[in-house]
Amino acid sequence: MNTKTSQFTTPLIDPFERPISYLRVSVTDRCDLRCVYCMAEDMTFLPKAQVLSLEELDRMCSAFVDLGVRKLRLTGGEPLVRKNIMWLIRRLGRHLESGALDELTLTSNGTQLARYAQDLANSGVKRINISLDTLDPDKFKAITRWGDLERVLEGIEAARAAGLAIKINAVALRGVNDDEFDRLLNWCGEGGFDLTFIEVMPLGEIGEQRLDQYLPLSMVRGDLSKRWTLTESDHATGGPARYFDIAETGQRLGFITPLTHNFCEACNRVRLTCTGTLYMCLGQEDAADLRAPLRASENDGLLKERIYEAISRKPKGHDFIIDRRQNAPAVGRHMSVTGG
Ligand code: SAM
Ligand code: SF4
């Protein structure tokens, strides 16, 4: 840290005394799939000039690490379709080596993992979240609009062979994959993967009826407990998931239920988009532009000042609602913007 920025040594604490130690970064809004709950088929992606360069993403993430962030998760869009993404990941790996960062991880759709898994492991990545909603090739094609399940399964195998710990994320969709939950639990058990079900969140106009897809996870859990021994686990990530140990498989099962369970009290995270906009809460519109201060000078002083300012506005919680009176999205941006 140079002399001008050495004043910025206080850790990031929000107005509700929550330390901010986790940054999720969407490194691109682009994706090679078009999951029906996430994107419209004909998405317009951002012009390149608005998107932070890899060097800028490195500066941005490193500023947060300087201010006490201990965990970085790269997401998107699909992080692994960003050109030269391995450059950024290797570069951020230096913070793992120095001990400034505890964890560098990714959320990926798995399509590019056969190519990148070993490089990721070599760069210090130890765990990865892979999104997979179904094990049925036709359903996979329907959910992702054109994806090839086989390719994702190869990616998952490559990640396992590279020694990465894997957590599978599956969005629970009424009438789509709700007949496959037992199969997913079994398959994850055999592969040694944890599994997390995610409730559909009302983000972005996607041209589908949210109410039709929405499946409360409290119901899913109730049903699964008839056949599986689920014991609440004390595993906590500061995130929106509640975890259970599955006695039959020895793996963990998580439920991310932003709509039916309030998880905001322990929130330790903020989200940065690929244009350098910082969202202090996934479910609120308030945001801070960090691209302008980043580009305004080569020194990080102004940028860090703006980061402190933004954290001082982090709200207490979100207000997602899906009901019959309010079927419009509670938040207009897509999940691919803030990366989930
Ligand atoms: N492309 C990567 C992937 O699919 O894992 C990373 C980005 S994706 C936006 C991150 C996660 O958000 C995925 O697990 C996806 O299933 C989930 N997601 C996307 N839209 C969602 C929505 N409307 N409600 C709940 N989860 C959603
Ligand atoms: Fe792409 Fe991930 Fe969104 Fe699916 S959920 S469209 S893979 S960004």
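User: What sits over the ring of Tyr243?
Analyst: In this predicted model, the charged end of Arg252 sits over that ring, 6.0 Å from its centre.

User: And over the ring of Tyr22?
Analyst: The ring of Tyr22 has the charged end of Lys71 over it, with 4.6 Å to the ring centre.

User: Now to ring pairs. How many aromatic pairs are there?
Analyst: The count comes to four aromatic pairs. One of them is formed by Phe181 and Phe197, whose ring centres are 4.6 Å apart and whose planes stand at 50 degrees.

User: Are they buried or exposed?
Analyst: Phe181 is buried, at a relative accessible area of 6%. Phe197 is also buried, with 0% relative accessibility.

User: What about Phe244 and Phe255, how are their rings placed?
Analyst: They form an edge-to-face pair, with 5.7 Å from centre to centre and 80 degrees between the planes. This pair links distant parts of the chain, eleven residues apart: Phe244 is in strand S8 (residues 241–246) and Phe255 is in strand S9 (residues 252–256).

User: Buried or exposed, those two?
Analyst: Phe244 has a relative accessible area of 4%, so it counts as buried, the limit being under 20%. Phe255 is buried as well, at 3%.

User: Which residues do the ring pairs link into a cluster?
Analyst: The cluster consists of Phe181, Phe197, Phe244 and Phe255, linked by ring pairs.

User: Let us change topic. Which residues of strand S10 are on each side?
Analyst: Strand S10 covers residues 269–272, with Arg269 and Arg271 on one side and Val270 and Leu272 on the other. These residues are all buried, and both faces of the strand are covered.

User: Which way does S1 run relative to S10, parallel or antiparallel?
Analyst: Strand S1 (residues 22–26) and S10 run parallel, and four bridges join them. Within this pairing, Arg24 has Arg271 of S10 as its bridge partner.

User: And S11, parallel or antiparallel to S10?
Analyst: Strand S11 (residues 277–279) pairs with S10 in the antiparallel sense, over two bridges. Here Arg271 has Tyr279 in S11 as its bridge partner. S10 and S11 form a hairpin with four residues between them. In the turn, Gly276 has a positive phi of about 85 degrees.

User: Tell me about Tyr279. Is it buried or exposed?
Analyst: Tyr279, in strand S11, is buried, with a relative accessible area of 13%. Its C-alpha atom is 9.5 Å from that of Ile311, a residue 32 positions away along the chain.

User: Which residues other than glycine have a positive phi?
Analyst: Glu17 is one of them, with phi of about 70 degrees. Glu17 lies in the segment before S1 and is exposed, with a relative accessible area of 64%. Another is Asn84, whose phi is near 60 degrees. Asn84 is in the loop between strand S2 (71–75) and helix H2 (85–98), and at 53% relative accessibility it counts as exposed.

User: On to pockets. How much space lies in the second largest pocket?
Analyst: The second largest pocket holds about 320 Å³ of space. Its lining has 13 residues, and those nearest its centre are Arg30, Lys48, Val51, Arg82 and Lys83.

User: How does the lining divide by residue type?
Analyst: The lining of the second largest pocket has five nonpolar, three polar and five charged residues.

User: Last one: where is Arg291?
Analyst: Arg291 lies in helix H9 (residues 291–296) and is partly exposed, with a relative accessible area of 21%. The C-alpha atoms of Arg291 and Thr275 are separated by 6.8 Å, and these residues are 16 apart along the chain.

Technical notes:
Residues are numbered from 1 along each chain as its sequence is written. Chains are lettered from A and ligands numbered from 1 in the order in which they are written. This is a predicted model: local features need pLDDT of at least 70, side-chain atom pairs count only at pLDDT 80 or more; totals for chains, interfaces and linings use all residues. Side-chain values use heavy atoms; hydrogens and water are left out. Buried means under 20% relative accessible area, exposed over 50%, partly exposed in between (1.4 Å probe, protein chains only). Two strands pair if DSSP finds at least two bridges between them. On a 1 Å grid over the protein atoms alone, a cavity is a set of points where a 1.4 Å probe fits but cannot get out, and a pocket is an open set with protein on both sides within 12 Å along at least five of seven lines; lining residues have an atom within 4 Å of a point. Grid points are joined across faces, edges and corners, and a volume is the space filled by probe spheres set on the points. Ala, Val, Leu, Ile, Met, Phe, Trp, Tyr, Cys and Pro count as nonpolar, Asp, Glu, Lys and Arg as charged, and the others, Gly among them, as polar. Rings of Phe, Tyr and Trp (its six-membered ring) pair if their centres lie within 6.5 Å; planes under 30 degrees apart count as stacked, over 60 as edge-to-face and the rest as tilted. A charge sits over a ring if NZ of Lys or CZ of Arg is within 6 Å of the ring centre and within 35 degrees of the ring normal.
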